[in-house]
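Have the structure open as you read.

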Amino acid sequence: MRILVVEDENSIAQFVSQGLREADFVVDVARNGRDGLEFALSAEYDVIVLDVMLPIMDGLTLLKELRKKGHTTPVLLLTARDEVEDRVAGLDAGADDYLTKPFAFPELLARLRALLRRPPIQAGTVLRLADLEMDTIKREIRRSGQLIELSQREYTLLNYLFRHPGQVLTRTQIAEHIWNFDFVNDSNVVDVYIGYLRRKIDRGFSPPLLHTVRGVGYRLSAENEHD
Ligand code: CA
């Protein structure tokens with residue numbers, strides 16, 4: 001597995017790249033955004049660790065350029081504490097996950113492994129997460145074998161979440177996928193539908209699967225990570 005680390009802070013770049021090499025990854029380090037983009041475009045990486053604040057070209061610009069060129073390599077953003085807007089902008093720009101500095105190396109490694117394990121898109125007809133099942137042919141939802149009735153919107157919303165397991169999705173991302181453009185600026189509608197969906201798939205069941213990531217968005221996951 002080959003990983004690109006784009007980070008200008010020496011100490012972080014060093015401890016991350018050393019740890020990843022010890023975990024048997026092949027690691028390249030770029031020290032500014034322009035070099036990072038050049039690396040990312042010229043080699044096949046399995047995942048990219050990308051700092052947001054970078055000299056010459058910032059991380060979000062790099063990410064947008066990469067996505068604009070059609071590159072789908074998973075990207076994990078490194079953000080500073082309390083930069084909620086950065087994280088939202090990062091996820092909207094096409095990041096797959098983020099980690100707040102300072103972080104412990106084992107957490108970075110766990111996140112990267114999760115990104116590497118993630119199937120690009122679950123193409124099967126029955127999607128599963130813990131005891132929640134979505135049969136996309138019969139359009140049936142079951143939790144613990146119990147049939148759950150969903151409206152068309154709720155079904156579409158759950159299907160979207162299911163196709164990005166473990167990933168934080170921002171309100172903007174959700175709105176743009178589920179509603180037409182009239183609704184995109186009304187993020188409240190997303191919260192309302194998440195509430196409906198949560199009542200149906202989580203109430204009375206354990207563990208909770210639909211998580212709120214405060215100030216950022218939502219995540220469908222069997223693990224209680226960021227809440
Ligand atoms: Ca930095």
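Which residues does Ser17 touch, not counting residues up to four places away in sequence? They are Val27 and Val29, where contact means heavy atoms within 4.5 Å. Before going on, note that this is a predicted model, in which local features need pLDDT of at least 70 and side-chain atom pairs count only at pLDDT 80 or more, while totals for chains, interfaces and linings use all residues. Residues are numbered from 1 along each chain as its sequence is written, and side-chain values use heavy atoms, with hydrogens and water left out.

Ser17 sits in helix α1, residues 10-22 (helices are DSSP runs of H or I with at least four residues, strands are E runs of at least two, numbered from the N terminus). Ser17 counts as buried because its relative accessibility is 5% (buried is under 20% relative accessible area, exposed over 50%, partly exposed in between, with a 1.4 Å probe and protein chains only). A polar atom of the Ser17 side chain lies 3.3 Å from the backbone oxygen of Gln14.

Now for the charges. The structure holds 16 salt bridges, each a side-chain nitrogen of Lys or Arg within 4 Å of a carboxyl oxygen of Asp or Glu. One of them joins Asp97 and Arg219 at 3.9 Å, N to O.

Another salt bridge pairs Asp191 with Arg171 at 2.7 Å, N to O. Asp191 lies in helix α8 and Arg171 in helix α7 (171-178), so this pair ties together parts 20 residues apart in sequence. Asp191 is partly exposed, at 25% relative accessible area.

Terms used:
Polar contact = N/O pair within 3.5 Å; in protein donor to acceptor, adjacent residues only side chain to side chain.
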